[in-house]
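Subject: Structure handover

Hello,

Here is the structure I promised to pass on. Please open it and keep it beside this email as you read.

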Amino acid sequence: MGGIRIAVAGLGNCASSLVQGLSYYSKSSAEPIGLMHEEIGGYKPGDIEVVAAFDIDARKVGRPVHEAIFALPNCTKVIDGAVSPSAVTVQMGPVLDGVSAHMQDYPEDRRFVVSHEKPADVAAVLSERDVDILLNYLPVGS
């Protein structure tokens, strides 16, 4: 049985917590505290691999996942500040429905700064990377 290959759309606080949690529980040899189930269907946290990631924020696009999950405007609790280096670079996602206009009223450290990179062909990346699951962590309303 192989691992689970995931892609993440939106590297905000929820994605940061997920990636940190996968890292933390993969390293731990003790009984995991905080997990409802250590194993589901034969899979453990260490069996899940992030193989693609997409975001629109200039502070995340072009950076490896292990750095992007800590980039502003993320502000989640740090569970594992020593996430192993990732070879996966965050790619520009399509903006599609835009960014809410009211976000411009927020300080830069609390809002999105849209990258000017050309959006990736998400479907092609998912196919090329043999992704099993695409996690949608886009903001509410997107």
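Below is what I found, from the overall build down to single residues.

First, the ground rules. This is a predicted model, with residues numbered from 1 along each chain as its sequence is written. Local features need pLDDT of at least 70, side-chain atom pairs count only at pLDDT 80 or more, totals for chains, interfaces and linings use all residues, and side-chain values use heavy atoms, with hydrogens and water left out.

**Overall build**

The protein has three helices and four strands. Both kinds of element are DSSP runs, numbered from the N terminus: helices are H or I with at least four residues, strands are E with at least two. Starting at the N terminus, the order is β-α-β-α-β-α-β.

How does the radius of gyration agree with that of a compact globule? A compact globule of 142 residues would have a value near 14 Å, and the protein has 16 Å, which agrees. The radius is taken over C-alpha atoms, and the globule rule is 2.2 Å times the number of residues to the power 0.38. Along the principal axes, the C-alpha atoms fill a box of roughly 45 × 35 × 25 Å.

Of the 142 residues, 35% count as buried. Buried means under 20% relative accessible area, exposed means over 50%, and partly exposed lies in between (1.4 Å probe, protein chains only). The accessible surface is about 8600 Å², and 54% of it belongs to carbon and sulfur atoms. These areas come from the Shrake-Rupley method with a 1.4 Å probe; for residues, only the protein chains shown count as cover.

Now the contacts, meaning heavy atoms within 4.5 Å. Take those between residues at least 6 apart in sequence: 77% join residues at least 24 apart.

The four strands form an open sheet in the order 3-2-1-4, with parallel pairing. Strand 3 (91-92) and strand 4 (133-136) stand at the edges with a single partner strand each, so one side of each has no neighbour in the sheet. Two strands pair if DSSP finds at least two bridges between them.

Strand 1 (residues 4-9) and strand 2 (residues 48-55) run parallel and are joined by six bridges. Arg 5 has Glu 49 in strand 2 as its bridge partner. Strand 2 and strand 3 also run parallel, joined by two bridges. Here Asp 55 is partnered with Met 92 in strand 3. Strand 2 is mostly covered, with six of its eight residues buried.

Leaving out residues up to four places away in sequence, Gln 20 touches several residues, including Ile 69, Phe 70, Thr 76 and Val 83.

Leu 18 is also in helix 1 (residues 13-27). Leu 18 is partly exposed, at 24% relative accessible area. Beyond its neighbours within four places in sequence, Leu 18 contacts Ile 6, Leu 135 and Tyr 137.

Leu 135 is in strand 4. Its relative accessibility is 24%, so Leu 135 counts as partly exposed. With neighbours within four places set aside, Leu 135 contacts Ile 6, Ala 7, Val 8, Ala 9 and Leu 18.

Leu 18 and Leu 72 are 54 residues apart along the chain and separated by 17 Å. Leu 135 and Ala 58 are 77 residues apart along the chain and separated by 20 Å.

**Backbone details in the loops**

Which peptide bond is cis? The bond that joins Leu 72 and Pro 73 is cis, with omega about 5 degrees. Pro 73 sits in the loop between helix 2 (65-68) and strand 3.

Leu 96 is not a glycine, yet its phi is positive, near 55 degrees. Leu 96 lies in the loop between strand 3 and helix 3 (122-128). With a relative accessible area of 79%, Leu 96 is exposed.

Asp 130 also has a positive phi, about 55 degrees, although it is not a glycine. Asp 130 lies in the loop between helix 3 and strand 4. With a relative accessible area of 51%, Asp 130 is exposed.

Best wishes
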